[in-house]
Amino acid sequence: MAVSTSAAPGLPSFDQRDFRNALGSFATGVTVVTTVDASGRRYAMTVNSFAAVSLSPPLVLWSVSRGSPSAGAFLAATHFAINVLAADQVALSRHFARSSEDKFAAIATLDGVAGLPLIAGAAAVFQCRTEAIHPGGDHEVILGRVERYDHSHREPLVFCRGRYQRGVNVEIAADRDADVAAAWGGLA
Ligand SMILES: Cc1cc2nc3c(=O)[nH]c(=O)nc-3n(C[C@H](O)[C@H](O)[C@H](O)COP(=O)(O)O)c2cc1C
């Protein structure tokens with residue numbers, strides 16, 4: 001296996017671009033995280049740092065860059081929604097990954113708890129109450145308690161090595177599926 005070993009962060013030869021490329025080997029889904037402030041202004045950003053944390057209580061997390069224009073709104077929010085994008089929503093991912101004054105002009109939304117804007121056609125949606133916020137270097141890690149969720153059979157969008165992709169099924173026998181479910185503590 002061709003593996004290039006690189007210096008750990010903090011050492012003089014640390015290459016941030018190379019570190020980012022290495023992290024990009026971890027395939028993720030793509031979400032748009034949304035919220036609304038007390039004046040009714042809506043915020044949204046494309047996020048792939050989303051992760052499941054706990055089944056009981058139901059907790060999820062994502063991390064927001066401290067430098068993002070929308071960060072303050074998310075850090076002050078009591079609620080936020082994780083909209084897991086479907087494979088045919090690449091344009092929405094690109095749209096919400098660019099700063100703009102009103103990202104919701106011409107975007108179809110549904111109403112969620114506490115006035116949250118939800119993205120129509122998403123593969124899944126998790127509506128959360130902000131549970132805790134932890135410092136994470138140049139990001140803040142936001143932990144949410146899921147109050148409501150929805151999911152559909154829409155194929156989810158995949159992001160890996162800087163590219164949008166579709167998931168490819170790797171054929172596995174039924175008994176292997178059971179192994180995966182058991183190993184993943186029932187989250188599968
Ligand atoms: C696939 C993808 C994943 C991203 N994931 C994150 C993330 O997890 N956290 C984050 O702060 N920004 C992430 N971004 C960048 C933000 O979407 C981008 O900076 C956006 O402009 C932030 O919204 P704002 O400009 O309204 O603050 C991601 C962008 C893309 C394209």
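Tutor: A residue is near a molecule or strand if one of its heavy atoms lies within 4 Å of it. The model is predicted: local features need pLDDT of at least 70 and side-chain atom pairs pLDDT 80 or more, while totals for chains, interfaces and linings use all residues. Numbering runs from 1 along each chain as its sequence is written, and side-chain values use heavy atoms, without hydrogens and water.

Student: Which residues are the closest to the ligand?

Tutor: The ligand is surrounded by 18 residues. The closest are Thr46, Ser49, Ser65, Ser70 and Ser99.

Student: How many Å lie between a polar side-chain atom of serine 99 and an oxygen atom of the ligand?

Tutor: A polar contact is a pair of N or O atoms within 3.5 Å. A backbone N or O atom of threonine 46 lies 2.7 Å from a ligand oxygen, and a side-chain N or O atom of serine 70 is 2.5 Å from one. For serine 99, the distance is 2.3 Å.

Student: What percentage of the ligand's exposed area does the protein bury?

Tutor: Accessible areas come from the Shrake-Rupley method with a 1.4 Å probe. Alone, the ligand exposes 650 Å². The protein buries 82%.

Student: Is tyrosine 43 buried or exposed?

Tutor: Buried means under 20% relative accessible area, exposed over 50%, and partly exposed in between. Tyrosine 43 has 14%, so the residue is buried.

Student: Which side chain makes a polar contact with the side chain of tyrosine 43?

Tutor: Contact means heavy atoms within 4.5 Å. Beyond its neighbours within four places in sequence, tyrosine 43 has contacts including Asp37, Ser70 and Phe104. The polar contact, at 3.2 Å, is with the side chain of aspartate 37.

Terms used: Polar contact = N/O pair within 3.5 Å; in protein donor to acceptor, adjacent residues only side chain to side chain. Buried < 20%, exposed > 50% of the residue type's maximum accessible area, 1.4 Å probe, protein only.
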